Amino acid sequence: MTPPTPRTLRPVRIARDRAYIHYFDPGGTERLTPAGHAAAVAFEDALPAREIPSYAGQHHTPGHYWAATTDRMVGYESYLESKWMKLLDFDPEVAAFSAQPFTIEAHDAEGAWQHTPDLFVRRRDGSALLLDVKDPNRMHVPAVVQQARRTASLCEQIGWDYDMVGEPDPLRWATVSWLAGYRRPLRAGKDLTSPLRRIAQKAVPIGELVSFQPVPELARAVVYHLMWHHQLTFDQTRPLRDHTRVRAADLRRAA
């Protein structure tokens, strides 16, 4: 979704070393709050603070990603940004995330500045992470470095973590990208979850696990679904293969 109305709220005057957060709440109401109050706002539910442009011939590839974590569509500005959405969606510590969550309007010793971060992440323990996704070739551009430094400083004051990220680790991305194809709710094969988990009480190779089922192709899809949802654990530091060993997770401990 994009904001239903243009931005109209502005601070009357931004004093030096002051910052405001401009955002749209889930109902589409425009809000402006001092950064000192931002920790109390559920930005993971905020609507995008700005429109994501889409036009013929543009360099970036915008689109929408369906997040299994929250069962909702999240708009992204580039393919690289969509990669990080998948990685966040796979992370068991992430409870929710939003894109273009707000615009920072601030003034510091270097002057006035504005910035709309790419992603806001709410972890299951209640903590928050702000992410900026950048083309690796631009991460050392002075203006980008300055923006990251200013944003990191503001996040520290609020009590959030901050990171600027580029291309994800190739191995991790390959694994998560593959499993993401099986993240949606199960229809066919749902009855296989309990038998597969029962067999995997002890670590077993994926190829061997699916061979126990009458329809291995269907069982394989269910295994990947369980791996995405962390009901089957595996070594994520190694390439995903048929000999990758999986083991049923302790769901009581995870709960």
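Good morning. I begin with the contacts of this predicted model. Of the contacts in the chain between residues at least 6 apart in sequence, 57% join residues at least 24 apart, where a contact means heavy atoms within 4.5 Å.

A word on conventions. Residues are numbered from 1 along each chain as its sequence is written, and side-chain values use heavy atoms, with hydrogens and water left out. As this is a predicted model, local features need pLDDT of at least 70 and side-chain atom pairs count only at pLDDT 80 or more, whereas totals for chains, interfaces and linings use all residues.

Now the overall dimensions. Along the principal axes, the C-alpha atoms fill a box of roughly 70 × 35 × 35 Å. The accessible surface comes to about 13,800 Å², and 51% of that belongs to carbon and sulfur atoms; these areas come from the Shrake-Rupley method with a 1.4 Å probe, and for residues only the protein chains shown count as cover. Of the 255 residues, 47% are buried. Buried means under 20% relative accessible area, exposed over 50%, and partly exposed in between, with a 1.4 Å probe and protein chains only.

The secondary structure consists of 7 helices and 13 strands. Helices (H or I, at least four residues) and strands (E, at least two) are DSSP runs, numbered from the N terminus.

I turn to the interior. In soluble globular proteins, nonpolar side chains tend to be buried together. Here, the largest nonpolar core has 43 residues, and Phe97, Met227 and Leu232 have the most contacts inside it. By nonpolar core I mean a set of buried Ala, Val, Leu, Ile, Met, Phe, Trp, Tyr and Cys residues joined through side-chain atoms within 4.5 Å. Helix α6, residues 216-228, supplies the largest share of this core, 7 residues. A second, separate core has 24 residues, among them Ile104, Met139, Leu154 and Met164.

Which residues does Phe97 touch, leaving aside those up to four places away in sequence? They include Tyr65, Val74, Met85, Leu88 and Phe120, together with Glu44, Arg72 and Asp89.

Next, strand β1, residues 18-24. Because 6 of its 7 residues are buried, β1 is largely enclosed by the rest of the structure. β1 runs antiparallel to β6, joined by 5 bridges, and His22 has Thr103 of β6 as its bridge partner. β1 also pairs with β2, residues 30-34, in the antiparallel sense over 5 bridges; two strands pair if DSSP finds at least two bridges between them.

Gln100 has a phi near 45° and lies in the loop between β5 (94-99) and β6 (103-108). Is Gln100 buried or exposed? Gln100 is buried, with a relative accessible area of 0%. His230, with a positive phi of about 60°, lies in the loop between α6 and β12 and is partly exposed at 22% relative accessibility.

Finally, an open sheet of 3 strands has the order β11-β13-β12, with antiparallel pairing. β11 (204-205) and β12 (232-233) each have a single partner strand, so one side of each is left without a neighbour in the sheet. β11 meets β13, residues 245-248, over 2 bridges, and Pro205 has Arg245 as its bridge partner in β13. Thank you.
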